[in-house]
Amino acid sequence: EYFAELQYDESFVCRAFNTKYKIEQKLDSLSLPLKFLNDLMYTDCEGCGQKEGVIVSSSAVYEAYIAWCDKNQIHGKIVRMAVLAKIFEDVKIAKPTKQYFCGVRAMAYVLDKDAVREGFRAHLKTPDFDFVPDGHI
């Protein structure tokens with residue numbers, strides 16, 4: 001009964017272990033490239049025209065990132081392709097490597113959805129993280 005009548009303020013909720021509000025806060029505070037990656041993984045790399053299974057061309061990922069920024073009206077905060085790769089390392093995505101892709105050897109990411117989800121869980125320290133649709137920008 002004590003907890004039912006206790007007045008909660010925002011700072012108390014922020015210090016909670018893992019609540020829906022805390023997870024929303026973590027998603028809102030992600031960097032733009034990680035927000036983009038969350039949206040990309042939610043749609044199964046739908047915006048990346050060139051893909052072969054879990055292998056996605058690095059240039060296609062970057063073009064999808066630019067299109068995502070335009071769609072969400074984010075200007076002036078767009079990072080370069082090399083910085084994008086560095087930020088992706090935060091969620092355990094290796095830098096793009098040369099791989100045979102669509103019959104040619106090109107730089108490509110390996111975007112396995114389960115591995116990326118585990119990387120997000122480790123980065124956010126949220127064991128029940130799952131990809132969510134856009135709207136957390």
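**Helix packing and buried positions in a predicted model**

Ser 58 counts as buried because its relative accessibility is 6%, where buried means under 20% relative accessible area, exposed over 50% and partly exposed in between (1.4 Å probe, protein chains only). The model is predicted: local features need pLDDT of at least 70, side-chain atom pairs count only at pLDDT 80 or more, and totals for chains, interfaces and linings use all residues. Residues are numbered from 1 along each chain as its sequence is written, and side-chain values use heavy atoms, with hydrogens and water left out.

Ser 58 lies in helix α5. Helices (H or I, at least four residues) and strands (E, at least two) are DSSP runs, numbered from the N terminus. Leaving aside residues up to four places away in sequence, Ser 58 touches Met 81, Pro 96, Met 107, Ala 108 and Tyr 109. Contact here means heavy atoms within 4.5 Å. Ser 58 and Met 81 are separated by 23 residues in sequence and by 8.3 Å in space, C-alpha to C-alpha.

The protein chain holds seven helices and four strands. From the N terminus on, their order is α-α-α-α-β-β-α-α-β-β-α. Of the 137 residues in the protein chain, 36% are buried. Among contacts with a separation of 6 or more, 60% join residues 24 or more positions apart.

Two packed helices are described by the angle and the distance between their axes. For α5 (residues 58-71) and α6 (residues 81-88), the axes come within 11 Å and cross at roughly 95°. That makes α5 roughly perpendicular to α6. Axes are lines fitted to C-alpha atoms, for helices over the stretch in contact, and angles run from 0 to 180 degrees between N-to-C directions. Angles under 35 degrees count as roughly parallel, over 145 as roughly antiparallel, 65 to 115 as roughly perpendicular and the rest as oblique. On the α5 side, Ser 58, Ser 59, Val 61, Tyr 62 and Tyr 65 take part; they meet Met 81, Leu 84 and Phe 88 of α6. By class, this contact has six nonpolar, two polar and no charged residues. Ala, Val, Leu, Ile, Met, Phe, Trp, Tyr, Cys and Pro count as nonpolar, Asp, Glu, Lys and Arg as charged, and the others, Gly among them, as polar.

Helix α4 is largely enclosed by the rest of the structure, because 10 of its 11 residues are buried. The buried residues include Leu 32, Phe 36 and Leu 40, and also Lys 35 and Asp 39. Their cover includes α3, α5, α6 and α7.

Helix α7 (residues 113-124) has 12 residues and reaches 16 Å from its first C-alpha to its last, close to the expected 16 Å at 1.5 Å a residue. Val 116, Arg 117, Gly 119, Phe 120 and Leu 124 are buried in α7. Seen down the axis, these buried residues fall within an arc of 160°, so they line one face of α7. The buried residues of α7 pack against α3 (20-28) and α4 (32-42).

Most residues other than glycine have a negative phi. Gln 73 is not a glycine, yet its phi is positive, about 55°. Gln 73 is found in the loop between α5 and α6, and counts as exposed at 66% relative accessibility. Lys 92, also not a glycine, has a positive phi of about 65°. Lys 92 lies in the loop between α6 and β3 (97-101) and is exposed, with a relative accessible area of 62%.

Note on methods:
The expected span of a helix is 1.5 Å times one less than its number of residues. The arc is that of the directions from the helix axis to the C-beta atoms.
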